[in-house]
Structure formats: C-alpha cells, structure tokens
Number of protein chains: 2
Amino acid sequence: MRQFVIIGHDAPVDGEFSLNGLPGEGRLDLLSRCVTAALLLSHDIREDVTVHLILGDEVTIRFEGSSLRGLHPDERSTAALIRTALEQREEAIGHIPVETSPGVFLQRFGIEETIEQLAGEGTVCQLREDGKPITTVDPPANPIFVLSDHQDFRTFETELLAEHCEYQLSLGPTVLHADHAITVANHWMDTDGYSDM
Amino acid sequence: MRQFVIIGHDAPVDGEFSLNGLPGEGRLDLLSRCVTAALLLSHDIREDVTVHLILGDEVTIRFEGSSLRGLHPDERSTAALIRTALEQREEAIGHIPVETSPGVFLQRFGIEETIEQLAGEGTVCQLREDGKPITTVDPPANPIFVLSDHQDFRTFETELLAEHCEYQLSLGPTVLHADHAITVANHWMDTDGYSDM
C-alpha cells in the first residue's frame, strides 16, 4: 500500500470556484495533477494507492485507488471531482467521512488528524529538498509520502511531521513541482529491484 | 543538452479549438503536460531542454528552454501558448521556422523532418515499454527522447526511428502516461551519479 498526503495551503474549502482559472484557486491545477500523478497509469489505475488531499487545513479528500471511478488524466475533470466533493461538505458531520463519488471521501479535518490517523499504517516519509537521497535508501513496504504544494511546509507542519516521520527524503538534486515529485516517488517504488528482473 | 520529441497523432494543426475541452482536442491536455514536465522545475525553467511537439505529422512546435517566456505549469495556459503558435502557422513558409512567442518556434513539417534534423545532435532514445531498462544503461550526454502520446507509435514511425535510434529504453515495469515518462526521464538524467555526491 502506498499513500500520498498532499498539503494544499491556499486551496478552496468549498465548491464555489470556476474550472477556468485553476492556478488562481490555491493552485488547484497543481493539486489536481498531484492526484492523477499518484493514481493513474497509462490506461489503468493504481489500485494500491490512496491519496489524501488536504485543503486549507480544514478538509481532507481521500481518493482510494481500489474503488475510485471517474478520475481522468486532465486537470479540469479532476478539479471538477474535487468541486463535487466540496459541494457535499455539509454532509460530513464531525470526523465521519462522506463518500462524495465512488472512491472519493471527504472528511472535515486537516493535517494533524490526517497524519495521526495514518501514522500507524506505514512509514511516514516527508519529501523535502534537504532530505536523504532516495538513491541511498531502500523503499519501505508501506510508504506514506507527505508533500507540500508550491509552498514550503509551515512551521507547525514540520513540527508535527517531526513526531511521526521516519524518513526525510530528497528525490534528487533538482527541486521539482509536487506532481513531478509524486511521479518520481511512484517510479522509485515501481522499479525497486527492476534491474535485477 | 536534452531534447524531447513528442508525437501528438490526433492533435489539432490549427488554432481553432476551445481551451475548455482539451482531452477532446487530440489529448492536448496530455501534450501540454508533456511540455511542462520536460521544461519546468519548481520556480525555475530547464534551460538545457528543448521540446519538439509534433502535431498531426504536419506541424512541429519547438520550445527552447534557454529563451522561453510565458510557460506556466497548468495545462490551460500551455495549450493557449500552443494555440497562439498555431494561429500563426500561415507565417511559416516552407521549412523556415517562425517564432510565435519568445522561445516558441513553429515549423510546417512532421516526424520525418524533425528526426532527420535532430539525429546528428545527440543520441536518439525511443521510450517504449519493451525497451532495455534504464537502470541498466548509463544516460547519454545529449539524449533525444522520442515518445508517443496516448497511442502506440505508428508503423512508419517505428521504421523511421529504427534508422536513427541508438537506444530503445523502458523506464520501468509499469506503463506510464507520456508526461509522467518525461518526468522520469528527466529524473534519470538529473540523478546520474547523485548517490555518489
């Protein structure tokens, strides 16, 4: 099982946005690409991947590869799936999730609850430029990769992650967009032992 | 110098398309993501990368990282840059390129002329699922990666590439979208020797 936690600091927390200006909506273009980079293969879906998209530290949308329907590779339709989820946020009472479309679940909590809930499920790996090179580490069996959007992690996020994080990993010497970093992390997992095959 | 050649088989060859339905326009969503995956770093541009986007085997749009301006990470604005180029296609006479915006050049030819023009400039590497694993090969100094869109290479493309191609490379055991493949290829080049650093 692979999981990705993506922190969208300025993303909308309700469905009141247009699909024609996604970069201006807290970089929903980037966040949408993060979701598809984590979950989609060419003509297939990664059933062993779950994505937790944290919006404005208020709402977490979970995409479960094993049951997900209606996710397409383009930004606009992915943002529409996010909007559909946010339009139903009032139906999520307390911390109980609501399934807003097949395989998409919304919960009304942010980074702290998400990380604390996930910490027992695998190895929390914070992706950051000053981390340990992935080329020197063996991939964990059940990684939980945590990434920030186009902004740095906030201080309270870094402190929270310091409690739960087993690895601080760097993907390489160049600083990538979050969606490209997810593609590289998936590839790192995919190719573990590949040259020996 | 790194170059990427991306073949968009069904892409529009004129600027008569809407930015609201890019997947229906010969997968311009995917082709736009290919351009940004090749050229953009977080808050930076890859100045040593050139992208050749072949549309419908009629038009080739070249994006030169060293002089490019106005490329943003989202699909919509990248597709708008492509549309701006296509709107000026009548100004490209014969095989002479026209610079349609800073660092973006349009030429009225397709795959054959593009590959023949490039073959002397580096090592042509066809990316395909049944190729040799990249983990067993050292990155060439001046790679020219050739990728197809969401469709397989056509027979004439495979024959043409067989003449010029030094490597047929596979990125891993999973079949990726073309834009994700570009991210992985860039990462392969970026991290050459990274663990020794």
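## Exercises on a predicted two-chain model

In this predicted model, helix H1 (residues 28–39) of chain B lies across strands S1 (2–8), S4 (49–55) and S5 (59–64) of that chain, and runs at about 165 degrees to S4(B). Helices (H or I, at least four residues) and strands (E, at least two) are DSSP runs numbered from the N terminus, contact means heavy atoms within 4.5 Å, and axes are lines fitted to C-alpha atoms, for helices over the stretch in contact, with angles from 0 to 180 degrees between N-to-C directions. Residues are numbered from 1 along each chain as its sequence is written, and local features need pLDDT of at least 70.

**Exercise 1.** Find which strands of chain B stand at the edges of the sheet.

*Solution.* Begin with the order of the 8 strands in this open, mixed sheet of chain B, which is S6-S7-S5-S4-S1-S9-S8-S10; two strands pair if DSSP finds at least two bridges between them. S6 (98–101) and S10 (165–170) of chain B each have a single partner strand, so one side of each is left without a neighbour in the sheet. Next, look at S6(B), which 3 bridges join to the antiparallel strand S7 (residues 104–107) of chain B, where Phe105(B) is the bridge partner of Glu99(B).

**Exercise 2.** Determine how chain B can be laid on chain A.

*Solution.* Superpose the copies by least squares on the C-alpha atoms of residues with pLDDT of at least 70 in both. Finally, Val184(B) is the residue of chain B that comes closest to the rotation axis, at 3.0 Å (C-alpha).

Definitions and conventions:
Chains are lettered from A and ligands numbered from 1 in the order in which they are written. This is a predicted model: local features need pLDDT of at least 70, side-chain atom pairs count only at pLDDT 80 or more; totals for chains, interfaces and linings use all residues. Side-chain values use heavy atoms; hydrogens and water are left out.
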